[in-house]
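Here are some friendly notes on the model you are about to open. Have a look at the ligand site before reading on.

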Amino acid sequence: MFISFEGIEGAGKSTQIKRLATYLESFGYEVLVTFEPGATHFGASLRKVLLDTDTQLTDPVAETCLFIADRLEHISQVIKPALDRGAIVLTDRFLDSTIAYQCGGRQLSEASLQPLFDLILISPDLTILLDTDPNEGLRRAKARAALDRFEQENFSFHERVRSTFIDIADRSQDRVHVLSVDGLSIDEVFESVKIVVDEKINRR
Ligand code: TYD
């Protein structure tokens, strides 16, 4: 079982993933928690350059290629081996982030990037989209640490990212489950996460 968590910065993905991992492990499942970009040694270098505010990139397709390269190594070194041995894999971001940030945020056409997306041969069984208002998400991201290259983008960039995630959810309703997190506590969000994941596991 392969589950991705998606959403703009500050939506609380990593907190929910940690809680879900502990919950699933309590039933005896092997759980692998991972993330993009940067989960492999190779990817860590890409993450550094992608998030560094000093990085000068003029062609957003180049940026997209780095995220795809990170993902290909992530799949072959981390995700695929874990799925093959029967683990449940929880990832903080996957391909939907590239569609939301590079097609939505950077305004690249999805059709032009489709050949790159076709290189990604696995898809999550379930995606949980934690939806939050960008004002809220960015406020939380700012409180956490210095802003990275994406967090520094203007507000309309983040609004486009958010609405692209919602578009993806609308056209992939079998896979993507949207949870609105604004005004909810971590516990309340986790109750909903549990319901969605339990149902998916029980259906298998
Ligand atoms: P992440 O470490 O998940 O940031 P955060 O914890 O703040 O949510 O991701 C780093 C940034 O990379 C994030 O701003 C989203 C961006 N990103 C893309 O633009 N495209 C992608 O394909 C991925 C995976 C991430």
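How far does a polar side-chain atom of Thr98 lie from an oxygen atom of the ligand? The numbered points start there.

1. The distance for Thr98 is 2.6 Å, from a polar side-chain atom to an oxygen atom of the ligand. A polar contact here is a pair of N or O atoms within 3.5 Å. For Arg47, an N or O atom of the side chain is 2.8 Å from an oxygen atom of the ligand, and for Glu151 a polar side-chain atom lies 3.1 Å from a ligand oxygen.

2. Before going further, a word on provenance. This is a predicted model, in which local features need pLDDT of at least 70, side-chain atom pairs count only at pLDDT 80 or more, and totals for chains, interfaces and linings use all residues. Residues are numbered from 1 along each chain as its sequence is written, and side-chain values use heavy atoms, with hydrogens and water left out.

3. The ligand has 16 residues around it (a heavy atom within 4 Å). Those that come nearest are Glu9, Arg47, Arg93, Thr98 and Gln102. By class, the shell has eight charged residues (Asp, Glu, Lys, Arg), five nonpolar ones (Ala, Val, Leu, Ile, Met, Phe, Trp, Tyr, Cys, Pro) and three polar ones (the others, Gly among them).

4. Which elements give two or more residues to the shell around the ligand? They are α2 (41-51), α3 (60-84) and α4 (95-105), where helices are DSSP runs of H or I with at least four residues and strands are E runs of at least two. The largest share, four residues, comes from α4.

5. Two backbone details deserve a look. Most residues other than glycine have a negative phi, and most peptide bonds are trans. Arg93, in the loop between β3 (88-92) and α4, has a positive phi of about 85° although it is not a glycine. A cis peptide bond with omega about -10° joins Glu36 and Pro37, and Pro37 sits in the loop between β2 (31-35) and α2.

Key: Polar contact = N/O pair within 3.5 Å; in protein donor to acceptor, adjacent residues only side chain to side chain.
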